[in-house]
Amino acid sequence: MPDLVPLRTGDPQWIREYRLTGRLGEGGQGTVYLGVSPTGARVAVKLLRPGRAQDGEATERFVREVGMAQRVAPFCTAAVIGTGAARGRPYIVSEYIEGPTLEAVVTSEGPREGSALHRLAVGTVTALVAIHQAGVVHRDFKPSNVLLGPDGPRVIDFGIAKALDRTSTLTVTTIGTPSYMTPEQLAGEDAGPSADMFAWGATMVFAATGRPPFGTDSPPAIFNRIINLEPDLRAITDPALRDLIGQCLDKDEGRRPTAGEALLRLLGHAGGAPGAATPAAPRGILAEGSAAASPDPARRPSPYSARGEGPGSARGEGSAKGRGGLRIAVGGGLAVALVAAGGITLALRGTAPEVIGPTRAGDMRDVITPPSADPTPTPTPAVSGPPRASRTIRLPDSSITVYESDDDPIQLSSYSLEWDRRLYVREPGTSRFTKNDDYFQYTVNASGSHALATGRSYDKSGYAVVSVVDRRSGTASRIRIARDPVYPTLPQWSPNGEQGLVTLYEVVGKDRKKSREYGYAIIDIATKQARVVRVKEKDAGTWSYFWRGDGRAVGTWALTGETQRIRFYDLRGTVLQTLLDVGTPITVEGDDVSPSGSLLMTYCKGTEQEICIWSTAADGEAKARIPFETKRLIGWYDDRHLAGWRKRGTGYEAVVIDFQGKVVRVLATSAEPAEYDRQFMRYTRGS
């Protein structure tokens, strides 16, 4: 962002709940301020000019149009947090990005070249993929709308130009910047995604040469060149990039590559050629693009495929344990509160946790054997996909039997019985599970080297504690989270293994038999410090929090009556993204988000007999509807299969299913329904 200057006389001090601390810039559309949210997070607040008329209807249309931008996944974008109107003037609140614009950097330092230019190209086109996937068109892509942040380029102001165009009474400025407009726009046609690709190509020429491809003089002269002349691209030395940019600047919009095709080509994937049949995007394509755009070499590998050897480098639990489905029973019978500082171990309050509809990890336990008359597991169908089980493990003190292979992408690392009263932990490198009386819940990282574990009691100073456990030596670093009566539950590793997440609840009432939503805490594994976030939205936190695929946000279900949506917060508590119309909550013991970070699962709306698969980038049509009747899922087995529980005879079995609902493997069984209801299985990906 540009340098901060003091507020001027007449500038607002507040816009809604955001306190304004200075000016970041001013342009034809309005003024951009630096704001501070109630949680202390910095945000950018753009207050638009009122225009020629205080048109309330136009303002309402504008706010509705810009609201679409909240669906954009924040890969190489500055996330839109919210929009509204203050005293009749529309405003937009977005993520604050520390860094100058591309325009300013090229003007002061000169053109980009080599790897810096390639990273810029990858990052900006990744942003356009995310924007277009959400059904949004930028329409004003240009160097001043690209910020060079510490983690790579970020695209800003997407969707505003279209909203202004549809609500023209709000501003008298021209929609679009002459040097980056397209032939079809000049012909009076609507600008679609292909117009963004033309502007992207022009912006890359500016980045590589210091000047736009069609000049900067009078608009008539610029427009003539855009319509009639070919750009000079000789200064771009990379032949592949030069060829791609030239195709994006084609006068015929139908011959320009899409953002997805361009990204595939820049990342070296097959299938990106223009006009060719484009395959489904590779796993984690947005995450891969975002990582490849980072100037920090340590961050460039995809966060979904990294394999480290310690908690600071290993890919964590990914989508982590206990996410999308469990509702910790706030207000009734929850067996998850810690005792006060002088107490014994865990305040186990007699009854099972109350679960809303489907529930979530940390309180749902499923595993059972086939009927006692047939104790052997269902035969594994002879299909390609998951490997056949090569060993059978009977879990101690239970009726649970696990069937696994060394080639499984997930492996059981711990389980608990009787609503977490009894915890059993896998010994590193073995098939043995031993009872653990030190911890309440225990989640292993991807490399298997460390675990996050919640304590069974407050410490002597009244703090609830989460430990980072070295599984080889058994030593642990104890991290204070929050004071009594707040307590943590459902620990999860971030996708890159560098942070932990716990959902927080607060014990209420003199008898300490009820709990209510509080928020979440982010744990920095390297510094052993925790940041507690108190979530102010009253509709959030009934279901536990989980990591978004990029590790830059956490999500939870927000429930108001029959309105059910998934809301994502940044790591300081500011709302970043909301997914609407994505079904209804389902209990998931493990991963809600797929290993690639691109998909999530819910019940299909109105039924518990179908699982719907959705894009994490934006709400829209379900990618798949899987016929499978269940009350609880283990999570994602891999990107093409789910693992979930189903009734089998008098008991239950955990099976792997494909997207057609076909069972291709049995993972576990349990013969005793009463035990099944009180079990919780924690699978780890990659350990």
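**Salt bridges in the predicted model**

Aspartate 232 and arginine 234 are joined through their side chains by a salt bridge, with an N to O distance of 2.9 Å. A salt bridge here is a side-chain nitrogen of Lys or Arg within 4 Å of a carboxyl oxygen of Asp or Glu. Aspartate 232 is partly exposed, at a relative accessible area of 43%, whereas arginine 234 is exposed, at 71% relative accessibility. These classes follow relative accessible area: buried is under 20%, exposed is over 50%, and partly exposed lies in between (1.4 Å probe, protein chains only).

This is a predicted model, in which local features need pLDDT of at least 70 and side-chain atom pairs count only at pLDDT 80 or more, while totals for chains, interfaces and linings use all residues. Residues are numbered from 1 along each chain as its sequence is written, and side-chain values use heavy atoms, with hydrogens and water left out.

Arginine 567 forms a salt bridge with aspartate 539, at 2.8 Å from N to O. This pair links distant parts of the chain, 28 residues apart: arginine 567 belongs to strand E26 (residues 563–569), and aspartate 539 to the loop between strand E23 (529–534) and strand E24 (546–547). Strands (E, at least two residues) are DSSP runs numbered from the N terminus. Both arginine 567 and aspartate 539 are buried.

A further salt bridge connects the side chains of aspartate 140 and lysine 142, at 3.4 Å from N to O; both of these residues are buried. Across the whole structure, the search finds 38 salt bridges.

Key. Helices (H or I, at least four residues) and strands (E, at least two) are DSSP runs, numbered from the N terminus.
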